[in-house]
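Here are a few friendly notes to read alongside the structure. Please keep the view open as you go through the points.

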Amino acid sequence: MKISQSTPELNKHFMEEDEGVGKKGIFRLTNVRQSTLPTVSQRHELFKRQLSHKLDLSNIEFQVHSVKHKEQPNLGVIKPELYKQVSIDSVKSEHCICGKLFFTLSYTHGSESLVVNVLRCEDLPAKDFSGTSDPYVKIYLLPDRKHKCQTKVHRKTLSPEFNEKFAFSVPYKELTSRVLQFNIYDFDRFSRHDLIGTVVIKDILCEGSLANETFFVRDVMSANQEKFDLGELMLSLCYLPTAGRLTLTVVKARNLKAMDITGASDPYVKVSLMCEGKRIKKRKTSVKKNTLNPVYNEALVFDVPQENVDDVYLVVKVIDYDRIGSNEVMGCCALGPKHVGLGRDHWFEMLENPRKPVAQWYTLQEHVPFCTNESTMGKCRLNCQGQSRQSTVDSSEGSLYG
């Protein structure tokens with residue numbers, strides 16, 4: 001059986017032309033072209049003939065209308081249920097509540113004291129890697145912050161049972177102007193204790209005269225009520241009263257916002273000493289290249305006389321350094337006696353522990369927190385000799401050392 005059919009038959013062609021080789025040479029063979037066709041078996045030919053008889057192409061419709069198109073929804077129709085938003089109050093309450101605090105209050109007229117019985121906490125958030133916390137409670141009767149009471153630390157629990165009583169000496173008529181504050185902390189042996197949340201009772205006599213022991217249940221509000229996912233910054237405060245020296249140590253930051261195309265940033269920290277909305281002095285750390293978790297451990301020193309400690313505050317900004325163009329603010333926070341929240345508590349704890357560094361994590365915010373009673377602070381008596389720049393907020397950060 002032939003494997004292939006050759007056209008023309010080369011052997012027969014060469015025999016016929018063999019006599020003319022001497023006249024025209026062997027180059028005559030270059031005009032011969034060979035095409036090879038595969039040999040089809042009889043079985044395949046029979047199959048092709050049978051298949052052609054079975055296919056009836058006359059019954060197949062090739063009209064366009066025979067194809068069923070999928071119906072498309074009408075464009076421009078708005079479905080209100082898809083754009084329904086949850087109320088702001090419900091979102092805030094969902095993110096701020098982090099447990100419950102159970103306590104009782106009573107007033108003893110004989111000793112003129114307010115008795116606070118801290119019973120227990122429930123459903124506190126986990127602060128440790130083990131999925132638990134080591135909670136304890138600090139109690140203040142504001143505006144007095146020097147006298148504070150503290151419970152024992154309960155290990156590895158999210159629902160601690162305290163059952164501890166404390167007494168605050170206060171005349172009964174002053175209770176209407178006092179504020180009772182509970183701070184729930186997570187104890188940490190090796191670093192700064194984390195503030196889990198707070199409970200504030202502005203109207204102590206809201207449930208009656210407190211002649212009998214009155215039971216209270218209050219939601220624990222998260223310490224970081226405004227969270228913008230801008231990262232956190234650890235700051236340490238230390239004050240030397242005799243020398244009038246305030247030291248702010250920028251320890252480190254974590255989970256900062258990526259500002260560069262590479263997915264990282266070049267952060268540095270700028271700290272401004274403020275008084276009456278005016279900047280008295282500023283200090284800056286070094287720039288940490290290409291990182292979102294920089295470690296600084298740099299101390300920034302400010303001269304603040306003891307008589308001016310209640311008049312000043314600090315504005316801290318984390319800034320991304322850019323060699324070309326202006327630097328961008330990545331987040332900020334504030335510390336001082338006129339600020340509400342963590343910055344105020346940190347400041348007073350620094351004053352209660354002179355010559356001792358006190359560290360605290362801060363959640364960075366988009367804007368500088370509002371300073372209360374700034375217009376009533378009076379004239380700032382801080383020595384400003386040699387300080388020509390008094391602007392509160394820079395319009396742009398400009399260069400690093402500008």
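1. A salt bridge here is a side-chain nitrogen of Lys or Arg within 4 Å of a carboxyl oxygen of Asp or Glu. By this rule the count comes to seven salt bridges. This is a predicted model, where local features need pLDDT of at least 70 and side-chain atom pairs count only at pLDDT 80 or more, while totals for chains, interfaces and linings use all residues. Residues are numbered from 1 along each chain as its sequence is written, and side-chain values use heavy atoms, leaving out hydrogens and water.

2. One of the salt bridges joins Asp134 and Arg155, at 3.9 Å from N to O. Asp134 sits in the loop between β4 (113-122) and β5 (135-142), and Arg155 in the loop between β6 (144-150) and β7 (161-169), so the pair ties together parts 21 residues apart in sequence. Helices (H or I, at least four residues) and strands (E, at least two) are DSSP runs, numbered from the N terminus.

3. How exposed are these two side chains' residues? Asp134 is buried, at 10% relative accessible area, and Arg155 is partly exposed, at 47%. Buried means under 20% relative accessible area, exposed over 50%, and partly exposed in between (1.4 Å probe, protein chains only).

4. Glu349 and Lys138 also meet in a salt bridge (3.9 Å, N to O). Glu349 belongs to helix α5 and Lys138 to strand β5, so this pair ties together parts 211 residues apart in sequence. Both Glu349 and Lys138 are buried.

5. Glu174 forms a salt bridge with Arg178, their closest N and O atoms being 3.4 Å apart. Glu174 is partly exposed, at 29%, whereas Arg178 is buried, at 17%.
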